[in-house]
Amino acid sequence: MLDAFCDTLWLEDGLSRNTLAAYRRDLALFARWLRGEHAMGLLQAGHGEVLGYLAHRYAIRTKASSAARLLSTLRRFYRQQVRDGRLAADPTMNVEGPKLPRGLPRSLTESDVDALLGAPDIATPLGLRDRAMLELLYATGLRVSELVTLGGVQVSEDAGVVRVMGKGSRERLVPVGEVALDWLARYRREARPALLAGRNSGALFVTQRAAAMTRQMFWTLVKRHAAAAGIAKPISPHVLRHAFATHLVNHGADLRVVQLLLGHADVSTTQIYTHVARERLKQLHAKHHPRG
């Protein structure tokens, strides 16, 4: 049943492997709880069981964001069962999710970014690779999954664009600045052949084993370089994506343009960066104005 559900999600929405795994994990945990507490399966659960499970998760101090994602998973699953005729009614109807605070995304200052970009040792093939990846990530605002899965043909140095297949199998073209293109060209010319050592790979960014870079490995590298740069803030590859968008808005970029560059389906998702810019202005005012 879970396989069929995930297959449908993949076919209809083109969801990523990680998102599908999260759906599967949430449903499997709910199914285990139903068997243990009520000796029933997913299709026997009613409104009361859904509320009971959410209360159980609240009791074990599940984060509000995780509870909201869980309820979203259950809604999606049961709506599909109703649509396919396996259930007459959706047990998640009229179940309200937790109220989530609108948190501002973590970002970096422009000086932070400069320090991070300068941290890798570019005298080594690995350091040159890391510098090219960081430069490209900050120049384009790609998701880390989009960055590590890039193939060499997806980046056109002549046209100055990268072709990205994002969430929901939506393709977009993102311009790349000259600085990032220069580092990328140097990586391709000097570091990538040294790392491959005569072996073949379709991936743009490779390891010493000629394998494609992974999200987990790049996350570790970003943290390592941030520590070397003296950046004490919590950091991940996604923080560079936020920095890309925040700095664009700070310098006057139109929100619709930022939406297109980030690959957001709805501009409301992008609007958070106007709040980030506003908070930055408040901080500058408080610091520098005599009546701040």
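## Nonpolar cores

The largest nonpolar core of this predicted model has 47 residues, of which Leu108, Leu116, Leu147, Leu150, Tyr187, Phe205 and Phe218 touch the most other members. Such a core is a set of buried Ala, Val, Leu, Ile, Met, Phe, Trp, Tyr and Cys residues joined through side-chain atoms within 4.5 Å, buried being under 20% relative accessible area with a 1.4 Å probe, protein chains only. Elements giving two or more residues to the core include helix H5 (110-117), helix H6 (125-140), S2 and helix H9 (215-228). H8 supplies the largest share, eight residues. Apart from this core lies another of 24 residues, among them Leu2, Phe5, Cys6 and Ala31.

Helices (H or I, at least four residues) and strands (E, at least two) are DSSP runs, numbered from the N terminus. Residues are numbered from 1 along each chain as its sequence is written. Local features need pLDDT of at least 70 and side-chain atom pairs pLDDT 80 or more, while totals for chains, interfaces and linings use all residues; side-chain values use heavy atoms, without hydrogens and water.

## Arginine 192

Arginine 192 lies in helix H8 (residues 178-196). Its contacts (heavy atoms within 4.5 Å), leaving aside neighbours within four places in sequence, are Tyr187, Ser201, Gly202, Ala203, Leu204 and Val206. A polar atom of the arginine 192 side chain lies 2.6 Å from the backbone oxygen of alanine 203.

## Sheet

Three strands form an open sheet in the order S1-S2-S3, with antiparallel pairing; strands pair if DSSP finds at least two bridges between them. Strand S1 (155-156) and strand S3 (171-175) are the edge strands. Valine 155 stands opposite valine 162 in S2.

Definitions and conventions: A polar contact is a pair of N or O atoms within 3.5 Å; within protein, one must be able to donate a hydrogen and the other to accept it, and residues adjacent in sequence count only if both atoms are side-chain atoms. Buried means under 20% relative accessible area, exposed over 50%, partly exposed in between (1.4 Å probe, protein chains only).
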